[in-house]
Amino acid sequence: MLGMMFTDKECREFGYLLRKELDEMLLDIGDRRLDGPVKEAITKRYKIIFRMYARLASPKELSRYAVGLRSQR
């Protein structure tokens with residue numbers, strides 16, 4: 001486990017990057033042209049990024065991306 005310290009501005013920027021990455025992955029997961037193994041790899045990565053974002057986001061913000069996580073089960 002690694003620990004990092006961020007300023008408020010860096011924390012907001014990091015949250016923004018994670019949200020954009022989650023949005024991109026949600027689009028990819030919904031793409032019917034992608035094969036099963038590719039979607040599975042994206043889903044695994046989505047779960048990792050989601051857990052990272054969960055440490056920064058409020059429950060309200062997080063609920064938007066939890067819906068995407070639930071639809072993958």
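**Notebook: helix packing and salt bridges**

I looked up glutamate 40 first: at 47% relative accessibility, glutamate 40 counts as partly exposed, because buried means under 20% relative accessible area, exposed over 50%, and partly exposed in between (1.4 Å probe, protein chains only). I noted that this is a predicted model, where local features need pLDDT of at least 70, side-chain atom pairs count only at pLDDT 80 or more, and totals for chains, interfaces and linings use all residues. Residues are numbered from 1 along each chain as its sequence is written, and side-chain values use heavy atoms, with hydrogens and water left out.

**Entry: salt bridges**

I looked up the salt bridges and found four in the structure. The term needs a side-chain nitrogen of Lys or Arg within 4 Å of a carboxyl oxygen of Asp or Glu.

Glutamate 40 pairs with lysine 44, with the closest N and O atoms 3.9 Å apart. Both lie in helix 2, four residues apart, about one turn of the helix. Helices here are DSSP runs (H or I, at least four residues), numbered from the N terminus. Lysine 44 is exposed, at 52% relative accessible area.

Next I checked aspartate 23, whose side chain meets that of arginine 64 in a salt bridge (3.4 Å, N to O). This pair links distant parts of the chain: aspartate 23 is in helix 1 and arginine 64 in helix 3 (residues 59–70), 41 residues apart. Arginine 64 is exposed, with a relative accessible area of 53%.

Arginine 33 bridges to aspartate 31 (3.0 Å, N to O). Arginine 33 is exposed too, at 72%.

**Entry: helix 1 against helix 2**

I then turned to helix 1 (residues 8–30) and helix 2 (residues 36–54), whose axes come within 10 Å and cross at roughly 155 degrees. That makes helix 1 roughly antiparallel to helix 2, a term for angles over 145 degrees. The axes are lines fitted to C-alpha atoms over the stretch in contact, and angles run from 0 to 180 degrees between N-to-C directions.

I listed some of the residues that make the contact: they include Phe14, Gly15 and Leu18 of helix 1, and Ile49, Phe50 and Tyr53 of helix 2. Contact means heavy atoms within 4.5 Å.

**Entry: glycine 15**

Which residues does glycine 15 touch, leaving aside neighbours within four places in sequence? I found Tyr53 and Leu56. Glycine 15 lies in helix 1 and counts as buried, at 5% relative accessibility. Glycine 15 and tyrosine 53 are 38 residues apart in sequence, and 6.5 Å apart in space, C-alpha to C-alpha.

How values were computed:
Helices (H or I, at least four residues) and strands (E, at least two) are DSSP runs, numbered from the N terminus. Angles under 35 degrees count as roughly parallel, over 145 as roughly antiparallel, 65 to 115 as roughly perpendicular and the rest as oblique.
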